[in-house]
Amino acid sequence: VETTENAISLWDTPMPQGDTGSIAYVFGNELIGVDVQVLHECDGIVCLPTYGIKNSLNVATCVGIIVWDTLRLLQKVTRN
């Protein structure tokens, strides 16, 4: 999870269907973010859209939102 020009909004990120895939999120700290070498090892980069002047959130807040929304979407996928 990082704010970069290559990042895809969480809202536009496809979730794995059923048991076909796994998700692992990597979070960096507020000052330097995720190391560039780590970003190169990731399958994709996701960002949490923000509005206004600030372009990022406290990492704990970001983790809470992303994990909650991922669990919500995965439950929706398994209910169908």
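Predicted model: local features only at pLDDT ≥ 70, side-chain atom pairs only at ≥ 80, totals over all residues.
Residues are numbered from 1 along each chain as its sequence is written, and side-chain values use heavy atoms, with hydrogens and water left out.

The protein contains 2 helices and 2 strands; helices (H or I, at least four residues) and strands (E, at least two) are DSSP runs, numbered from the N terminus. Their order along the sequence is β-α-β-α. Of the contacts in the protein with a separation of 6 or more, 76% join residues 24 or more positions apart, a contact being heavy atoms within 4.5 Å. The accessible surface of the protein is about 6200 Å², and carbon and sulfur atoms account for 56% of this surface; the areas come from the Shrake-Rupley method with a 1.4 Å probe, and for residues only the protein chains shown count as cover. Of the 80 residues in the protein, 25% are buried. Here buried means under 20% relative accessible area, exposed over 50%, and partly exposed in between (1.4 Å probe, protein chains only).

A nonpolar core is a set of buried Ala, Val, Leu, Ile, Met, Phe, Trp, Tyr and Cys residues joined through side-chain atoms within 4.5 Å. The largest one has 8 residues: Val1, Leu10, Met15, Val46, Leu48, Cys62, Ile66 and Leu73. Helix 2 (residues 59–79) supplies the largest share of this core, 3 residues. A second, separate core has 5 residues, among them Ala7, Val34, Leu39 and Cys47.

Leucine 10, a member of the largest core, has contacts beyond its neighbours within four places in sequence with Met15, Tyr25, Val46, Cys47, Leu48, Pro49, Ile66 and Asp69. Aspartate 69 lies in helix 2. Because its relative accessibility is 5%, aspartate 69 counts as buried. With neighbours within four places in sequence left aside, aspartate 69 is in contact with Leu10 and Trp11.

A disulfide is a pair of cysteine sulfur atoms within 2.5 Å, and by this rule the count is 0. Cysteine 62 is in no disulfide, and the nearest cysteine sulfur, that of cysteine 47, is 9.3 Å away. Cysteine 62 has a relative accessible area of 10% and is therefore buried. Cysteine 42, with a relative accessible area of 27%, is partly exposed.
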